[in-house]
Amino acid sequence: MEKTVLITGATAGIGQACAKIFASNKYKLILTGRRSERLESLKNELQQQYQVEIITLNFDVRDKNQVETAIDSLPETWKAIDILINNAGLAAGLDPIQSGDIDDWERMIDTNLKGLLYMSRKVSPLMTARKSGHIINISSIAGKEVYPNGNVYCATKHAVSALTRGMRIDLLPYGIKVSAICPGMVETEFSVVRFHGDEDKAGKVYDGLTPLSAMDIAETIYFMATRPAHVNLDDVVIMPTAQGSSRDTFRN
Ligand code: NDP
Ligand code: 8X3
């Protein structure tokens, strides 16, 4: 039987690449994000290319009522979600703690942490009822290490890593897999968002090295999602060859 994957933040970057790889492998897709035009054009592109069934849900993961309404709106057969990819997230700003922008902090906490919780709270009962499912959380190398001015972003990703372990234990009796993937630098819209639209500043993050691509991460997530039933990849760290830690890079 075809499997169903729900991907948050499918309008760009890693989420969009996940949509492509799961579509190419004939999964049924539930694609979510705030930018509805992008969701619709991705849906049309993937349906044409791969003849797969796709539902788009246009909502903000920070709003728990929107999360609940969106998942409740799914037809009953689509509620049998096999894989939840908690991907929607962002960094906003790169400032020391004493001058950080509190609005940036709230955006990161509300999206990366509370959004992931709202999604997991709503989808995990659908999985426990079926005693089946896999939740894959997108953490970061920032969930393992802290770096200068990364303070709140790193805190949200440390929380994602802690929650992944907690969810794994809670869902153990139901045979539900829970995994985290922790990437280093991936060139997506991430840095443009972090620097509030400053494309020059964003481009400099990747100067002189080859970062990971969104598809590198999607391929790894697909591998994690397709291991045999008795195998769970709990925690996967993936870095560009030119990045040895959050703070160590080799640039030409
Ligand atoms: P992008 O900015 O390219 O994509 C982010 C996605 O998240 C978009 O689809 C966006 O959709 C969605 N999103 C953001 N805020 C919300 C929201 N409030 N509600 C719903 N959707 C939202 O970044 P990446 O693909 O790089 O990031 C994906 C994940 O990977 C994030 O969790 C990030 O922290 C993590 N990560 C990224 C790394 C990198 O170097 N790029 C490295 C390690 C981890 P829309 O705006 O349409 O709502
Ligand atoms: C994104 C990677 O190194 O900017 O999570 O934290 S990093």
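**Before you start**

This is a predicted model, in which local features need pLDDT of at least 70 and side-chain atom pairs count only at pLDDT 80 or more, while totals for chains, interfaces and linings use all residues. Residues are numbered from 1 along each chain as its sequence is written, chains are lettered from A and ligands numbered from 1 in the order in which they are written, and side-chain values use heavy atoms, with hydrogens and water left out.

**Stop 1: the largest pocket**

Rolling a probe the size of a water molecule over the atoms shows where empty space is left. Here a pocket is an open set of points on a 1 Å grid over the protein atoms alone, with protein on both sides within 12 Å along at least five of seven lines, and a cavity is a set of points where a 1.4 Å probe fits but cannot get out; lining residues have an atom within 4 Å of a point. Points are joined across faces, edges and corners, and a volume is the space filled by probe spheres set on them.

Select Gly89, Leu90, Tyr153, Thr188 and Phe190: of the 48 residues that line the largest pocket, these lie nearest its centre. The pocket has a volume of about 1,100 Å³. Now colour H1, strand S2 (28-33), H4, H5 and helix H6 (190-194), each of which supplies at least two lining residues. H6 gives the most, with 4 residues. These elements are DSSP runs numbered from the N terminus: helices are H or I with at least four residues, strands E with at least two.

By class, the lining has 20 nonpolar, 17 polar and 11 charged residues. In this scheme Ala, Val, Leu, Ile, Met, Phe, Trp, Tyr, Cys and Pro are nonpolar, Asp, Glu, Lys and Arg are charged, and the others, Gly among them, are polar.

**Stop 2: ligand 1**

Next, select ligand 1, which sits in the largest pocket; that is, more than half of its atoms lie within 2 Å of the pocket's grid points. Helix H1 (13-24) and helix H5 (151-171) are the elements that give two or more residues to the shell around ligand 1.

Which residues are closest to ligand 1? Show Thr11, Arg34, Asn87, Tyr153 and Thr188, the closest of the 29 that surround ligand 1. To be near a molecule, a residue needs a heavy atom within 4 Å of it. The shell divides into 12 nonpolar, 11 polar and 6 charged residues.

Then look for polar contacts, pairs of N or O atoms within 3.5 Å; within protein, one must be able to donate a hydrogen and the other to accept it, and residues adjacent in sequence count only if both atoms are side-chain atoms. A polar side-chain atom of Arg34 is 2.7 Å from an oxygen atom of ligand 1, and one of Lys157 is 2.9 Å from an oxygen atom of ligand 1. Taken alone, ligand 1 exposes 880 Å², and the protein buries 96% of that. Accessible areas come from the Shrake-Rupley method with a 1.4 Å probe; for residues, only the protein chains shown count as cover.

**Stop 3: ligand 2**

Ligand 2 also takes up space in the largest pocket. Select Ser140, Ile141, Ala142, Tyr147, Tyr153, Phe190 and Arg194, which surround ligand 2. They divide into 5 nonpolar, 1 polar and 1 charged.

- Ser140, with an N or O atom at 2.5 Å
- Tyr153, with a polar atom at 2.6 Å
- Tyr147, with a polar atom at 2.9 Å

The protein covers 86% of the 240 Å² of accessible area that ligand 2 has on its own.

**Stop 4: the cavities**

How many cavities of 30 Å³ or more does the structure hold? There are 2. The largest holds about 70 Å³ of space; of its 15 lining residues, Ala92, Gly93, Asp95, Trp105 and Met108 are the closest to its centre. Helix H4 (102-130) and H5 each give two or more residues to this lining.

The second largest cavity has a volume of about 40 Å³. Among the residues that line it are Thr8, Val61, Asn87 and Met119. H4 gives the most to this lining, with 4 residues, and no charged residue takes part.

**Last stop: the second largest pocket**

Finally, select Gly133, His134, Gly175, Lys177 and Ala229, which lie nearest the centre of the second largest pocket, out of 17 lining residues. The lining divides into 6 nonpolar, 6 polar and 5 charged.
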